[in-house]
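Please look over the sequence and the structure shown here before reading on.

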Amino acid sequence: MMGQFIQQLINGLTLGSVYGLIALGYTMVYGIIGMINFAHGDIYMISAIIAVTVLTLLGSLGIMAVPVALLITLVVAIVFTSVYGWSVERIAYRPLRNASRLAPLISAIGMSIFLQNMVQLTQGARVKPINALLPGGFELFTSNGFTVHLAYTQIMIIAVTAVLLVVFTYLITKTSFGRQQRACEQDRTMTALLGINVDRTISMTFVIGAALAAVAGVMVTVYYGVVDFSIGFVAGIKAFTAAVLGGIGSLPGAMLGGLIIGMIESFWSAYLSPEYKDVATFVLLILVLMFRPSGLLGRPEVEKV
Amino acid sequence: MKSNMKQLIAMTGLGLGALFTAQAHADYSVAIAGPMTGAYASAGEQIKRGAEMAVADINAKGGVLGQKLKLEIGDDACDPKQAVSVANAMVNKKIVFMHGHWCSSSTIPASDIYNEAQIPMATVSTNPQVTERGLKNIFRIMGRDDQQGGIAGGYIASHFAGKKVAVIDDKSAYGKGLADEMAKGMTAKGLKPTLRESITAGEKDYSGLVSKLKAANVEVLAYGGYHTEVALILRQAKQAGMKLTVMGGDTMSNNELVTAAGGNADSVMFTFAPDARANPAAAEVVKQFRNAKVEPDGYVLYAYAAMQLFQQAATQAKSVKYGDLQKALSSGTFNTVVGKLSFDAKGNLKAPGFVVYQWKGNKYEMVK
């Protein structure tokens, strides 16, 4: 039993890291402009599609060295996906900055549908596979005939997520951009009065969110090896749930929420039944919201007078 | 002045064009419906290609009863709700024949609407319920899940006796129906499934299921559902250092499985109607498809056959009225690219054949 437990811990950590990275984008955007960016899941999907394209291209050019190929793919995906993130904000949200709260929400849903259909029409509906880039892994140990595998891709996902979190935390807490970002979160009008370019800060927030989603997209492509235009929906919903569970607006909360959901899914489907794993996730979400309406690490909303 | 002249000519041309299209409204509209978008869009693409080719061929030979056919395409994305609205839209377009839908869960609700509007339909959906509801307008040009499930289950019991078998489905009408029949077929032949589970289609991570299978020492996976999930399960099983043989239904005939499974598809077996491409009567059409760079696998030839079915039934009945067509379809025998088709009182194919195939590289071969 020990073997399966450790295996699921590894699987859950991997899955949770991906959810967490996407959830960060949701929570950052919510923090700064108070809207749910429903197109975020599709930004992640676009990054995965870009990753497949780049990897296939590199393969045909004969660049097979895994670290080189991965690095190029990551850079290209981050650049392109960030441009997408920036454009979505510029086109669909900025014109609605002072409209009612509902308007940008609808705009976001529209953007999500648009992006999904655009990719489907330009790239085709078929699933896009890549060959296993990093096959194999370590066989950790065997207990009761169950061999625990730790794939190289899993190590990569967990390691990259950890590094990103350190960089990201530094960016938000220590740099001047981070200060501006947090200031905008607290009070946009006041921040603008102090001479900070609020629009630019919001744009940058979208770019960073998209970049994190880009990393998640590339890693998912390498890990699962199969990508299609519809993957953004499920991943987006799960990551959004993670953000709410952790407390929307809270950055550590998003990561924590992602990990918790990854673990629940992984353990529930291994020990109980894969059929009810989503039920388990959402029951937990309801329970948490019943007792802590602002999520695990969220700050309760203070009514400004 | 010169440019004005040109404009005038262009406008006259347009006017004439409009005149012709106005006349063309006497055409018969036939329709296909299936997942043109969504996760199973590749099947929709196959249906579309087959039907387009068939309609073009029929029109080139003078159409049906002297009228050209016009093809309408409906996209239900395999979503029952969308299927109903597609059906209503098709009824408004006054179609005289429908080939679809593809997913059983879409075909079932949509067929009630076509029935009410008196539109005959030919479907490849395999869930038994499709023809078990007393609808007179529905004709199934493929076998049923209880037939293919029984054959798949029997094959597992006789070829993998003594091994541990898990029966998994994706909770869809098609997948669950098929998995239930496979489990029944196995048990009847004396091999009890070790595990019986369901998964959620459309996700990417099935590592939880894989490690559950691994902990239970499962070697054979009998799967009811679509190929996209099987591809992911196979990849993740490989990653977990596990060797799985998969037995599935007709949906595994999609060659997308091979590319998506990343070289792990050779362990996939499935039941499907005998390969229509091998049918000598289809040779001409198969060549035509290949010339158009379309491999007529999966549902391509079935869509072609459905259109032939309509053409022949209408010709026999000398009418496209529902009563006449329905009578012709239920009593006649039709020579199509997928073989001779005739239907029993419920609209099921009279002589459905299912054989077991296995993927080998990019092709599937029949296994004994």
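Which residues does M90(B) touch, not counting residues up to four places away in sequence? In this predicted model, M90(B) touches A31(B), A33(B), E72(B), G74(B), I95(B) and M98(B), once residues up to four places away in sequence are left out. M90(B) itself has its place in helix α3 of chain B, which covers residues 80-92. Because 26 C-beta neighbours lie inside 10 Å of it, where 20 or more are needed, M90(B) counts as buried. M90(B) and I32(B) are 58 residues apart along the chain, and their C-alpha atoms are separated by 9.4 Å.

**The five-stranded sheet of chain B**

Five strands of chain B form an open sheet with parallel pairing, in the order β2-β1-β3-β4-β5. The edge strands are β2 and β5 (138-140) of chain B, each of which pairs on one side only, and the twist from one strand to the next averages 20°. Strand β1(B) and strand β2(B) are joined over seven bridges, with Y28(B) having L69(B) as its bridge partner in β2(B). Strand β3(B) and strand β4(B) pair over two bridges, and here M98(B) stands opposite M121(B) in β4(B).

Helix α2(B) packs on this sheet, where it touches β1, β2 and β3 of chain B, and its direction makes about 170° with that of β2(B). Together, β1(B), helix α2 (residues 41-60) of chain B and β2(B) make a right-handed β-α-β unit. Helix α11 of chain B, residues 300-317, lies across β1, β3 and β4 of chain B and runs at about 165° to β3(B).

The loop between β1 and α2 of chain B holds G38(B), which counts as buried because it has 22 C-beta neighbours inside 10 Å. Apart from its neighbours within four places in sequence, G38(B) is in contact with A77(B) and C78(B), and also with S230(A) from the other chain. The C-alpha atoms of G38(B) and D27(B) are 31 Å apart in space, while the two residues are 11 apart in sequence.

**The seven-stranded sheet of chain B**

A second open sheet in chain B has seven strands in the order β7-β6-β8-β9-β10-β13-β14, and its pairing is mixed. Its edge strands are β7 (195-198) and β14 (363-366) of chain B, each pairing on one side only, and the twist averages 25° from one strand to the next. Strands β6(B) and β7(B) run parallel and are joined by four bridges, and the bridge partner of D169(B) in β7(B) is S198(B).

| Strand pair | Residues given | Bridges |
|---|---|---|
| β1(B) and β2(B) | 28-34 and 69-75 | seven bridges |
| β3(B) and β4(B) | 97-99 and 121-123 | two bridges |
| β6(B) and β7(B) | 165-169 for β6(B) | four bridges |

**Domains, core and chain contact**

Chain B is divided into domain 1 (10-143 + 278-341) and domain 2 (146-272), and the C-alpha centres of these two domains lie 31 Å apart. Their contact takes 14 residues from domain 1 of chain B and 15 residues from domain 2 of chain B. On the side of domain 1 of chain B that touches domain 2 of chain B, α2 and α4 (104-116) of chain B each supply at least two residues, and α4(B) gives the most, with three residues.

The largest nonpolar core has 203 residues, of which I141(B), A222(B) and A303(B) touch the most other members. Helix α8 (residues 198-224) of chain A gives the most to this core, with 17 residues. Domain 1 and domain 2 of chain B both give residues to this core, so it lies between them. Beyond residues up to four places away in sequence, I141(B) touches a set of residues that includes A122(B), V124(B), Y302(B) and L349(B).

The contact between the two chains takes 33 residues from chain A and 32 residues from chain B. On the side of chain A that touches chain B, at least two residues each come from elements of chain A including α1 (2-33), β3 (146-151) and α8. It is α1(A) that gives the most to this side, with five residues.

Definitions and conventions. Residues numbered from 1 in each chain as written. Chains lettered and ligands numbered in written order. Predicted model: local features only at pLDDT ≥ 70, side-chain atom pairs only at ≥ 80, totals over all residues. Pairing = 2+ DSSP bridges. Axes fitted to C-alpha atoms, helices over the stretch in contact; angles between N-to-C directions. Right-handed = clockwise from strand over helix to strand, strands pointing away. Core = buried A, V, L, I, M, F, W, Y, C linked by C-beta atoms within 7 Å. Buried ≥ 20, exposed ≤ 12 C-beta atoms within 10 Å, placed from the backbone. Domains from an automatic or database assignment. Contact = placed C-beta atoms within 7 Å.
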